[in-house]
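The following paragraphs lead the reader through the architecture of one protein model. Please keep the sequence and the structure in view while reading.

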Amino acid sequence: MMLSNYSLTSAGMCVEIRAADDADRDGGGRDQLGVATKTRAKPKKPSQFKVLMLNDDYTPMEFVVICLKRFFAMDMEQATRVMLHVHQKGVGVCGIFPYEIAETKVNQVMDFARQNQHPLQCTLEKA
Ligand code: TYC
């Protein structure tokens with residue numbers, strides 16, 4: 001039996017599809033047109049996204065440091081360094097993650113800022 005066509009499923013698996021002219025060469029009687037018969041793990045590495053923190057004139061520095069410690073597992077020194085970088089340059093990277101994790105972290109920061117009535121903005125960008 002000849003396997004001659006490959007198709008990518010939404011899950012990123014590589015599925016082999018038999019060709020239209022594929023005869024029942026092995027005599028097993030199971031050859032059928034267009035039936036996916038095998039899956040083979042071909043993991044696509046997930047694309048990475050930067051989580052960016054934006055500067056503003058109103059959010060207290062201490063609050064930004066708390067966010068960086070709470071949601072990005074930074075220690076006091078790292079969090080202070082990133083916060084000061086954002087304060088001085090306007091934008092800074094909090095971390096790089098697969099899309100769903102990056103999106104979750106952006107939402108966590110934005111929700112926490114909103115709850116505390118700070119205008120802090122966080123966004124993501126393809127790495
Ligand atoms: N610029 C703010 C201030 O002077 C501090 C700040 C830093 C705000 C980083 C947001 O992402 C930020 N209070």
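Helix α3 comprises 17 residues (99-115), and at 1.5 Å a residue it should span 24 Å; its end C-alpha atoms are 24 Å apart, which agrees. The expected span is 1.5 Å times one less than the number of residues. Helices (H or I, at least four residues) and strands (E, at least two) are DSSP runs, numbered from the N terminus. The model is predicted: local features need pLDDT of at least 70 and side-chain atom pairs count only at pLDDT 80 or more, whereas totals for chains, interfaces and linings use all residues. Residues are numbered from 1 along each chain as its sequence is written, and side-chain values use heavy atoms, with hydrogens and water left out.

Within α3, the buried residues are Ala102, Lys105, Val106, Val109, Met110, Phe112 and Ala113 (buried means under 20% relative accessible area, exposed over 50%, partly exposed in between, with a 1.4 Å probe and protein chains only). Seen down the helix axis, these buried residues fall within an arc of 165°, so they line one face of α3; the arc is that of the directions from the axis to the C-beta atoms. On the other side of α3, Glu100, Arg114 and Gln115 are exposed. The buried residues of α3 pack against β4, α1, β5 and β6, contact meaning heavy atoms within 4.5 Å.

The strands among these partners form an open, antiparallel sheet of three in the order β5-β4-β6, where pairing requires that DSSP find at least two bridges between two strands. Because β5 (91-98) and β6 (121-126) stand at the edges with a single partner strand each, one side of each is left without a neighbour in the sheet. Strand β4 (residues 48-54) pairs with β5 over seven bridges.
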